[in-house]
Amino acid sequence: MSRIAYVNGRYVSHREAAVHVEDRGYQFADGVYEVCEVRDGRLVDERRHFDRLARSLGELRIRPPMSRAALGIVLRETVRRNRVRAGIVYLQVTRGVARREHAFPPSSVSPSVVVTARALDLAGRDSTAEQGIAVVTVAENRWPRVDIKSVSLLPNVLAKEAAHEAGAKEAWFVDAEGYVTEGSSTNAWIVTRDGKILTRPADHGILRGITRTVLLDVIAAQQLTLEERAFTVEEAYAAREAFVTSASQIVMPVVRIDGRPVGNGAPGLVASALRRDFHRHAELG
Ligand code: PLP
């Protein structure tokens, strides 16, 4: 079956899907995106993803390309046309196509919209979660507005590549004070020796992950102790458990940090229980 992409009002063959060379997303990374999990062919946490999209667009003063209802229809139709039952749907909105000038184009320029969908190998993801993943730490080198889900991801790309070259699956950014901010495409968490779950507050230093937000409900329902505070790399080395969260990985246990085993070097009980219960708390659209 051939894949289909939505590009500016049309459903086109994925192989031929293209945007203009002067799209500001291409020229300046002047755009934002969302990644939503698809489960049973339905969108997971659509409302929260649309809330965050509206916020990202607002912060960058990009006009919403269409109503939420219309965008919801496009996402669903892209999922349907690609026959995705379990996977992800990707949505990108840029400031549109205009002659290459740094300053904003005239307000008559329409934002560009691209939507793609693809299946994920759930069995593969589950078996990765049973093994756990390795992470490495890298120096934080991103701009101070990583709370905006912008397509400007070069530091994240370089960090992920550094992780792969070190035989790891994810990189954790560490700020100048030695505190972990987040992963290159995930939020970062640890469980301390005395059973407290720590994750950095969602200020401007991290992206407020939708998975992170839902997980706060799972943690409350499981009556676990949460401390929303930054933790250092040393605390992570000494942790009983560690894990990362994102829409495509849900809760993924971390078993090595910079080559050192976390806890006993196997996925922890807390991470596994949170992963198991996650979808009971997520909204299925
Ligand atoms: N942090 C960063 C930098 C990300 O890129 C992502 C997801 O892409 C996340 C955190 C997790 O966000 P979510 O749970 O909404 O997927």
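**Aromatic rings, a sheet and a helix**

Q: Why is Tyr 11 called partly exposed?
A: Tyr 11 has a relative accessibility of 27%. Buried means under 20% relative accessible area, exposed over 50%, and partly exposed in between (1.4 Å probe, protein chains only), so Tyr 11 counts as partly exposed. The model is a predicted one, in which local features need pLDDT of at least 70 and side-chain atom pairs count only at pLDDT 80 or more, while totals for chains, interfaces and linings use all residues. Residues are numbered from 1 along each chain as its sequence is written, and side-chain values use heavy atoms, with hydrogens and water left out.

Q: What makes Tyr 6 buried or exposed?
A: The relative accessible area of Tyr 6 is 8%, so this residue is buried.

Q: Why is the pair of Tyr 6 and Tyr 11 called edge-to-face?
A: Rings of Phe, Tyr and Trp (its six-membered ring) pair if their centres lie within 6.5 Å; planes under 30 degrees apart count as stacked, over 60 as edge-to-face and the rest as tilted. The centres of Tyr 6 and Tyr 11 are 5.2 Å apart and the planes stand at 65°, so the pair is edge-to-face.

Q: Why is the pair of Trp 189 and Phe 243 called stacked?
A: Their ring centres are 5.4 Å apart and their planes lie at 15°, so the pair is stacked. Trp 189 belongs to strand E10 (residues 187-191) and Phe 243 to strand E13 (residues 241-246), so the pair links distant parts of the chain, 54 residues apart. Strands (E, at least two residues) and helices (H or I, at least four) are DSSP runs, numbered from the N terminus.

Q: How do you know whether Trp 189 and Phe 243 are buried or exposed?
A: Trp 189 has a relative accessible area of 0% and is therefore buried. Phe 243, at 0% relative accessibility, likewise counts as buried.

Q: What makes Arg 95 lie over the face of Phe 104?
A: A charge sits over a ring if NZ of Lys or CZ of Arg is within 6 Å of the ring centre and within 35 degrees of the ring normal. Arg 95 lies over the face of Phe 104 at 3.6 Å from the ring centre, and Arg 260 lies over that of Tyr 237 at 3.9 Å.

Q: How does the span of helix H2 (residues 46-60) stand against the expected one?
A: The expected span is 1.5 Å times one less than the number of residues. H2 has 15 residues and reaches 21 Å from its first C-alpha to its last, close to the 21 Å expected.
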